[in-house]
Amino acid sequence: MRRLKRVSFVTISAAAGVMMMASAASAAGCGKVSITEMNWASSQIITEVSKFLMEQGYGCKVEKVPSATTTSVASLAENGEPDIVTELWLNSTGDVYKKLEAEGKVERLTEVLAPGGVEGWWVPAYITEKHPQIKTVKDVMANPKLVGAQFNNCPDGWGCRIVNDNLIKALDLQGAGIKVFNHGSGETLTTSIASAYEDKKPWFGYYWAPTAVLGKYKMTKLEIGDIDQKIHSANQNKDNANPGVSDFPPAPVLTVVTSDFKKREPEIAKLMSSISFDVGVMNALLAWKKDKGASAEEAAVRFLTNEKDTWSKWVNDKARAKLSALLK
């Protein structure tokens with residue numbers, strides 16, 4: 001992976017201010033666009049990069065819609081909005097998204113993370129280094145004290161929460177003496193790993209990539225079981241009366257749009273179909289953002305000012321000329 005060029009945080013912050021002022025002054029062109037602002041960092045960066053390219057390259061007026069996986073799909077089903085959903089983890093959407101796609105209401109444009117997303121249940125590597133017999137979730141269930149007898153679960157509203165809850169039931173995790181701690185936010189879930197690592201304490205729970213956490217902290221992904229797509233799909237239903245055991249399949253991570261929007265704004269749909277981030281690049285951005293205490297907007301500026309060779313291939317000639325003049 002090519003290293004990002006070094007840019008000072010002061011420069012990034014100043015550029016972010018320019019971004020906001022330029023955004024407010026952009027001329028009308030493509031019209032109004034609504035785009036999700038998911039409640040996790042990588043999607044927020046993708047949204048900020050996309051917003052900037054649309055506003056400054058194509059003259060759109062972009063509205064960010066605070067959202068999460070389940071709420072964004074529900075909104076698409078009920079209201080046909082927002083126009084664009086960034087970083088939709090297909091494995092966490094259940095049958096609702098598939099139905100919308102089959103009905104022709106939404107269309108997938110691209111896999112926005114290459115080669116895709118990783119989900120699973122993890123323990124810190126220092127646990128498996130000390131106890132090499134811990135390779136699977138069943139091994140953990142047989143030795144719950146080694147992981148603190150606690151499972152760190154996803155927050156409510158996340159697609160992974162539904163899958164995890166069904167797996168917890170199917171495995172009878174609590175029957176093995178493992179307490180389930182449901183985190184109130186992604187931030188507390190992340191902090192729990194950092195805190196465990198600081199003192200080399202036990203930790204066991206769900207996490208995913210791309211993230212700064214899995215880039216910074218060495219973690220071991222445990223085998224939950226064989227991958228069974230049918231079982232995994234059923235586990236995405238919170239009302240599943242008979243959940244089964246399946247590991248998380250490799251996750252397609254998509255940008256999707258409503259079919260109406262694609263017809264209304266074909267140039268923007270073409271742009272969004274080109275926007276795809278290498279997971280290694282995204283991990284580096286996330287690590288930088290965390291280290292600097294930066295906003296998603298500042299991380300987007302860092303990407304835009306350092307990865308011109310990448311984003312310039314996403315936009316059309318007219319937009320490229322506008323953006324190149326702005327991002328010198």
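Val 49 sits in helix H2, where helices (H or I, at least four residues) and strands (E, at least two) are DSSP runs numbered from the N terminus. With a relative accessibility of 0%, Val 49 counts as buried; buried means under 20% relative accessible area, exposed over 50%, and partly exposed in between (1.4 Å probe, protein chains only). Before going on, please keep in mind that this is a predicted model, in which local features need pLDDT of at least 70 and side-chain atom pairs count only at pLDDT 80 or more, while totals for chains, interfaces and linings use all residues. Residues are numbered from 1 along each chain as its sequence is written, and side-chain values use heavy atoms, with hydrogens and water left out.

Which residues does Val 49 contact once its neighbours within four places in sequence are left aside? They are Phe 277, Ala 300, Phe 303, Leu 304 and Trp 314, a contact being heavy atoms within 4.5 Å. The chain also brings Val 301 into this picture: its C-alpha atom is 7.6 Å from that of Val 49, although 252 residues separate the two along the chain.

Phe 277 belongs to strand E12 (residues 277–278) and Phe 303 to helix H14 (residues 296–306), so their pairing ties together parts that are 26 residues apart in sequence. Both Phe 277 and Phe 303 are buried.

A nonpolar core is a set of buried Ala, Val, Leu, Ile, Met, Phe, Trp, Tyr and Cys residues joined through side-chain atoms within 4.5 Å. The largest one has 94 residues, and Leu 53, Met 54, Trp 121, Phe 204 and Trp 314 touch the most other members. Helix H2 (residues 41–58) gives the largest share of this core, seven residues.

Back to the aromatic rings: the model holds 13 aromatic pairs. Why is the pair of Phe 151 and Phe 204 called edge-to-face? The ring centres of Phe 151 and Phe 204 are 5.2 Å apart and their planes stand at 70°, so the pair gets that label. Phe 151 lies in strand E7 (residues 150–153), and Phe 204 in the loop between helix H8 (186–199) and strand E9 (205–209), so this pair ties together parts that are 53 residues apart in sequence. Phe 151 is buried at a relative accessible area of 0%, and Phe 204 is buried at 0% too. Elsewhere, one aromatic cluster is formed by Trp 40, Trp 158, Tyr 206, Tyr 207, Trp 208 and Phe 248.

Next come the covalent links. There are two disulfides in the structure, a disulfide being a pair of cysteine sulfur atoms within 2.5 Å. One joins Cys 30 to Cys 60, with 1.8 Å from S to S. The torsion about its S-S bond is about 140°, so the link of Cys 30 and Cys 60 is right-handed. Cys 30 is in the loop between helix H1 (9–25) and strand E1 (31–38), while Cys 60 is in strand E2 (residues 60–67), 30 residues apart. Cys 30 counts as buried at 10% relative accessibility, and Cys 60 at 1%.

The other disulfide joins Cys 154 to Cys 160, with an S to S distance of 2.2 Å. Here the S-S torsion is -130°, and the link is left-handed. Cys 154 is buried at 0% relative accessibility, as is Cys 160 at 5%. Counting the bonded cysteines in sequence order, the pairing runs 1-2, 3-4.

Finally, a look at confidence. pLDDT is the predictor's confidence in each residue, from 0 to 100; the chain averages 90, and 91% of the residues score at least 70. Over residues 1–14 pLDDT stays under 50, and the model has 28 contacts beyond four places in sequence for them. Residues 20–28 also stay under 50, with 11 such contacts. Where pLDDT is low, the predicted coordinates should not be read in detail.

Key: Phe/Tyr/Trp six-rings, centres within 6.5 Å; stacked < 30°, edge-to-face > 60°.
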